[in-house]
Amino acid sequence: MTTPNPALVSQHAVRRLPRAALLLFCAAYVLPGIFGRDPWKNADITALGYMMSLVRGEAPWMTPAIAGLTTDNGLLPYWLGAWSIQALTPWIDPLLAARLPFGLLLAALLVMLWYVSYHLACTDAAQPLAFAFGGEAQPVDYACAIADASVLALIAALGLLQLGHEITPELLQLAAVGLHLYGMAASPYQRHRAALATLLALPIMALSGAPTTAVLLSLTGALVVHRSSYAAARQHLRWIVLSGVLSAALASLLDSWAWRIAAPDSRFDMLQLLVWFAWPVWPLAGWTLWRWRAHLLHRHIAVPLSTVLVALGSSIAMGASDRALMLALPGLATLAAFALPTLKRSVSAAIDWFSVFFFSICALTVWVIYAAIQTGVPAQPAANVARLAPEFVSHFNPLALLAALIGTLAWLWLVRWRTGRHRDALWKSLVLPAGGVALNWLLLMSLWLPVLDHARSYRPLVARIARHVPVKDCIHARNLSRAQLAALEVLGGWQVETTYDERACRWMLVSLPFAQTLDTPPGWELVRRERRPTDRDESMLIYRRK
């Protein structure tokens with residue numbers, strides 16, 4: 001006997017979120033951070049360095065390299081960025097050209113997640129209970145409301161903010177997880193599209209540096225569809241198995257198997273990471289698992305849960321890796337959406353009030369510090385910025401101010417609209433969290449972008465080095481990270497060598513903790529010791545050959 005599900009939803013509660021509003025949410029989330037931003041350390045600038053090595057012909061396409069150091073993070077993400085740079089560079093900046101396809105991947109993830117949740121909510125086990133006298137939610141309307149809520153849940157996830165706007169392989173892995181979820185969710189309804197999505201998803205993940213995760217997703221996905229009560233879903237098993245085999249074959253062919261097992265610094269690291277990184281979707285996902293505990297083997301729970309468990313296990317095995325945990329966010333967002341039909345009104349009200357106060361305070365803080373940067377008033381925040389970001393010179397940008405004003409007014413209107421109308425809408429509890437995250441991301445990427453670039457970019461360090469080392473000269477690098485090497489090549493335009501040749505380069509850079517000293521190597525003279533203005537630990541020793 002099938003246990004009745006806990007969802008009681010009326011037709012009045014499944015009114016659709018206006019399409020224009022949903023598109024504005026997505027645009028306000030995806031677009032900030034794409035334009036006018038420097039690549040930040042460390043993974044962002046490193047990925048750009050690999051892409052530029054391919055564009056400039058400094059490394060073979062099968063082995064992208066920075067200063068001769070090859071990558072073990074897959075090939076496809078760097079190919080994607082390099083192809084975009086080659087196609088668009090005559091018209092736009094190479095950095096923006098590299099970032100555009102990854103912005104499209106983030107947008108595609110939101111679209112895929114909508115259809116994942118829609119198809120899962122259409123299953124019989126996910127549908128709400130019928131009322132004795134009618135008036136329950138219609139199946140399609142209910143599925144659309146769940147799908148809208150899942151997109152809002154993913155936007156509200158704090159961990160996706162910065163990592164989702166980088167040009168790193170993990171974003172392509174995240175899109176592959178979304179494609180894998182779509183293949184399993186749509187298999188009973190759109191067999192050919194689902195098969196194609198599954199055949200593409202896991203090989204893409206394997207080519208993006210995560211073949212082990214791809215194989216694990218294939219195994220868990222095969223188990224889920226094998227136990228499905230839908231015949232079309234069971235027939236999808238062959239495509240999942242074939243996709244996993246293709247992933248393993250590609251990884252073996254390219255020799256991209258790499259174990260990144262690491263122990264966390266503390267046994268509480270994983271718990272602390274999960275608490276903030278997956279907020280606020282993890283409490284809602286946990287509530288879903290509790291309320292739907294009698295339905296854990298049904299598709300609408302088992303499909304997203306399978307990807308969450310794989311990503312969570314990978315993150316733990318990699319020493320509480322936030323980039324591995326990011327792959328759990330689409331599944332967590334889908335699970336969070338199914339919590340909404342079971343939430344009490346008092347819980348929804350608590351989420352709304354917390355969101356209003358928390359995100360309004362954050363936005364007010366951004367505005368106050370922006371005013372201090374521009375005018376010096378209030379004095380204390382201005383002094384704090386000067387202390388934390390020395391040598392930063394502010395410049396007034398009217399377009400950034402206009403975007404921030406529009407975003408703030410939209411937030412005020414959203415709060416008023418949410419508290420005045422749509423109190424019964426199923427997705428109501430996630431509107432304010434998603435809107436608050438989008439607002440603060442927009443404010444950071446407009447009002448605070450210059451100071452964040454100053455603090456997190458290597459450009460200030462490159463400018464200091466350029467005072468002493470002529471552009472396009474050869475530099476021998478010792479003890480530099482790949483991010484630093486990429487910054488020298490991409491932002492500085494120098495030819496960087498990591499293998500020592502006594503006659504190759506006239507200049508040498510050595511990375512050293514600021515508190516340490518180094519004896520000058522024979523045949524060299526120390527020109528200067530430089531460091532990033534906001535970095536109090538690492539410094540760069542600049543040597544010139546005698």
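Which exposed residues does the face of helix 1 turned away from its buried side carry? They are A20, L23 and L24. Exposed means over 50% relative accessible area, buried under 20%, and partly exposed in between (1.4 Å probe, protein chains only).

This is a predicted model, in which local features need pLDDT of at least 70, side-chain atom pairs count only at pLDDT 80 or more, and totals for chains, interfaces and linings use all residues. Residues are numbered from 1 along each chain as its sequence is written, and side-chain values use heavy atoms, without hydrogens or water.

**Helix 1.** Helices are DSSP runs (H or I, at least four residues), numbered from the N terminus. The buried residues of helix 1 are L22, F25, C26, Y29 and V30. Seen down the helix axis, they fall within an arc of 115 degrees, so they line one face. The arc is that of the directions from the axis to the C-beta atoms.

**Helices 2 and 3.** Their axes are lines fitted to C-alpha atoms over the stretch in contact, and angles run from 0 to 180 degrees between N-to-C directions. The helices pack at about 60 degrees, with axes 8 Å apart. Contact means heavy atoms within 4.5 Å.

| Helix | Residues | Residues making the contact |
|---|---|---|
| Helix 2 | 43-55 | A47, L48, Y50, M51, M52, L54, V55 |
| Helix 3 | 76-88 | P77, Y78, W79, G81, A82, I85, Q86 |

**M318.** This residue is found in the loop between helix 14 (299-317) and helix 15 (322-325). At 30% relative accessibility, M318 counts as partly exposed. Leaving aside neighbours within four places in sequence, M318 is in contact with R260, A262 and A324. M318 and R234 are 84 residues apart in sequence and 33 Å apart in space, C-alpha to C-alpha.

Conventions:
Helices (H or I, at least four residues) and strands (E, at least two) are DSSP runs, numbered from the N terminus.
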